[in-house]
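Thanks, everyone. Please have a look at the structure on the screen, and then I'll take you through it.

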Amino acid sequence: MTDGAQQNGQPANSGGSHGDGAWRYVLGSIAVSVVSGLLYQVHGCSPDTPDPAPTSTVTETMSAETTAPEDDVSSSPSVSAHITRILFRGRDSGNAAYSDFEVDVDFSGLRGQECVIKWSSYYPGKAGQSDTNTGFSGQLSTGLLAHDNESHWNTFAVHNAQAGWMLHVFVYAPDGTLLDQEDGPTA
């Protein structure tokens, strides 16, 4: 009954059993994997086999003019920030309860990194007394610095306290290290 007639309601398959090509592919892949694994084991190419001994050493191939490499010296620039100016700009135009201050900072070695500028207002102590915090503080980000040596400035609004308060500004590296701090003008 292999002349194309149906047998038990199934069409006859003149090209062999159904799915024969898929089984050949699977069995062929398994056979190749097994044979490859056996070849690696026979020839000592297993993961547990140590590397073969070198046929020459570096000292045998170096000429008299070749020098040994020097110790690696870090070429990264030093990281620093210096507050160059804190300038009182006057009352904030949007809210008279605030004053605007401009802070200029020179950064070095911080290209592609983001630093934080923080400020705090306080009343300076008189004749041996300690300073008193006004309770007003804030911070802002420099954003990513574009150059290794960059002058950066920001203007920020500080809540006005009673007369005689001062501003103190801090500059922090991305890892939180204090790079510089400076007192600003009395407002």
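I'll start with confidence, then turn to the core and one serine.

This is a predicted model, where local features need pLDDT of at least 70, side-chain atom pairs count only at pLDDT 80 or more, and totals for chains, interfaces and linings use all residues. Residues are numbered from 1 along each chain as its sequence is written, and side-chain values use heavy atoms, leaving out hydrogens and water.

Confidence first. pLDDT is the predictor's confidence in each residue, from 0 to 100. The protein chain has a mean of 74. Of its residues, 59% reach 70 or more. Among the elements, strand β6 (residues 166–172) has the highest mean, 94. Helix α2 (residues 58–61) has the lowest, 38. Elements here are DSSP runs, numbered from the N terminus: helices are H or I, at least four residues, and strands are E, at least two.

Next, the core. A nonpolar core is a set of buried Ala, Val, Leu, Ile, Met, Phe, Trp, Tyr and Cys residues joined through side-chain atoms within 4.5 Å. Buried means under 20% relative accessible area, with a 1.4 Å probe and protein chains only. The largest core has 20 residues. Val105, Phe107, Phe156, Leu167 and Val169 touch the most other members. The largest share, 4 residues, comes from β2.

Now Ser108, in strand β2 (residues 98–108). Is Ser108 buried or exposed? Ser108 is buried, because its relative accessible area is 19%.

How values were computed
Buried < 20%, exposed > 50% of the residue type's maximum accessible area, 1.4 Å probe, protein only.
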